[in-house]
Every structure is written in structure tokens, then in C-alpha cells.
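Subject: Structure handover

Hello,

Here is the structure for your work. My notes on it follow below.

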Amino acid sequence: MVNQTEFNKIKDKCIKNEAKLIAVTKTRTIDELKELHQLGHLIFGENRVQELLGKKDELPQDIEWHLIGHLQTNKVKQIASFISMIHSVDSFKILKEINKQANKENRTIKCLLQFHVAQEESKYGLSPNKINEFMEKVIAANFENIEICGIMGMASFVEDEKQISKEFKELKSIFNKLKATYFIDNDNFKQISMGMSGDYEIALQEGSTMLRVGSLLFE
Ligand SMILES: *Cc1c(COP(=O)(O)O)cnc(C)c1O
């Protein structure tokens with residue numbers, strides 16, 4: 001069931017901070033998601049392509065779908081015709097494939113660059129010290145069917161709020177650096193996707209424009 005108290009609280013905070021709420025659908029049932037849709041929520045995020053396709057089929061078609069988890073190149077074509085935003089771009093190779101499939105669909109796909117700033121080891125996410133190297137390649141490629149709209153990241157799964165806040169600050173600073181260096185004249189580059197159930201309030205304080213919240217929305 002949807003936890004309406006939490007849902008309303010998070011929505012209020014989003015409005016105050018001019019941030020968007022992406023409702024994360026991972027592990028939730030179709031009935032739970034229908035309930036959320038009936039409460040008027042239209043932006044959903046899923047981390048796996050197969051799960052996303054299954055849920056999309058069974059839910060109303062006015063939902064805007066975001067992919068938030070790691071994407072494999074061979075899966076891009078399955079979502080290219082409809083996906084609203086891909087938050088998890090973490091390699092040049094995946095960006096190239098997204099561009100190719102978007103081109104076939106005659107559309108532009110909004111993407112966020114995922115950066116790894118957490119303490120935990122992770123295979124996913126670009127390394128902050130490789131920004132320039134990565135961006136030089138992207139600029140040279142001049143992808144016509146991709147719109148890079150900002151960045152995404154996750155903080156460490158720790159209790160220490162100072163640590164979490166430090167990592168969100170790092171993401172914000174990566175965003176600022178990219179904006180100043182490569183996107184100064186590009187108004188589409190404006191999103192910082194950070195903050196989940198456990199740390200969304202800190203994320204909003206540190207400048208998040210998109211929360212990805214799952215478990216807290218349900219009971
Ligand atoms: C699961 C997940 C979330 C949401 O996590 P909750 O703690 O349930 O809010 C956000 N982002 C990503 C990438 C996820 O995989």
C-alpha cells in the first residue's frame with residue numbers, strides 16, 4: 001500500500017525545493033503502483049529493463065518512465081522508443097548505443113551521467129577524475145539524438161549524515177564543473193539526480209533536483 005503520509009510529505013518538500021520526485025518501482029506490485037498512479041503520480045523509475053517493460057505493459061500509458069539502474073548495451077533497443085530519461089549513463093559505449101537506438105526511433109533521449117562518489121566499491125558510475133577525458137570523447141562524437149541533462153549519483157549507505165552530505169556536495173561540485181566547462185550555454189543541463197528514501201532530505205539541502213525514492217512511499 002502507498003504510505004500517503006510519507007508520499008505527501010516528500011511531495012511537499014519537492015515542491016518547496018523545486019525538485020521532481022521519481023517514484024522507484026523496484027520490488028513493488030502492480031497494485032501498489034496503480035494506487036500511486038491513482039493518487040496522481042506520473043513519474044516512475046525502475047532499475048532493470050525487464051522489470052520496467054513488464055510494469056509498463058500493465059500500467060496506464062500516461063506514465064513517464066525513467067531508467068535508473070545500470071543499462072547493458074544489448075537492452076537499449078527495448079526501451080529506446082519511449083524512455084523519458086536514462087539516469088545511469090556510465091560509459092561512452094552505452095551513450096553511443098543510446099544515440100544509435102534513439103536515432104532509429106527518430107527521437108532524442110534525455111540522459112544523466114552517473115558518477116561514483118560513495119565509499120563502497122561499485123562497478124558502476126564514472127570516476128570523477130575522468131570527467132574531462134570522458135567529455136572530450138562525447139564532444140568529439142557530437143551525438144545528435146542525445147540530450148545530456150545533468151548528473152546522477154548515490155551516497156554511501158551509512159548513518160553518518162556528514163559523510164552523506166559531503167558526497168552530495170561532491171556531486172554538486174561535479175555538476176558545477178561540468179556546467180561551467182561544457183554546458184554553460186545549454187539550458188537543458190540542469191538536473192542533479194540524488195537522494196533516496198534514507199537520505200532525500202540531505203540531498204534536497206545539497207541541491208538535488210530529482211529524488212529517486214522507493215521504499216519510503218509504501219508500507
Ligand atoms: C532502489 C533505488 C532507489 C530507491 O531506493 P529506496 O531506498 O527504496 O528509496 C534509487 N535509486 C536507485 C538507483 C535504486 O536502485
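A search of the whole structure turns up six salt bridges, a salt bridge being a side-chain nitrogen of Lys or Arg within 4 Å of a carboxyl oxygen of Asp or Glu. The model is predicted: local features need pLDDT of at least 70, side-chain atom pairs count only at pLDDT 80 or more, and totals for chains, interfaces and linings use all residues. Residues are numbered from 1 along each chain as its sequence is written, and side-chain values use heavy atoms, with hydrogens and water left out.

One of the salt bridges joins Lys 55 to Glu 46, at 3.0 Å from N to O. Both Lys 55 and Glu 46 are buried (under 20% relative accessible area, 1.4 Å probe, protein chains only). Lys 55 also forms a salt bridge with Glu 51, at 3.5 Å from N to O.

Now the ligand. The residues around the ligand include Val 24, Ile 68, Met 154 and Gly 214 (a residue is near if one of its heavy atoms lies within 4 Å). This shell divides into five nonpolar, four polar and two charged residues, with Gly counted as polar and Met as nonpolar.

Polar contacts (N or O pairs within 3.5 Å) are as follows:

- Lys 26: a side-chain N or O atom is 2.9 Å from a ligand oxygen.
- Asn 47: a polar side-chain atom is 2.8 Å from a ligand oxygen.
- Arg 212: a polar side-chain atom is 2.9 Å from a ligand nitrogen.

The protein covers 86% of the 390 Å² of accessible area that the ligand has on its own (Shrake-Rupley method, 1.4 Å probe).

Regards

Terms used:
Polar contact = N/O pair within 3.5 Å; in protein donor to acceptor, adjacent residues only side chain to side chain. Buried < 20%, exposed > 50% of the residue type's maximum accessible area, 1.4 Å probe, protein only.
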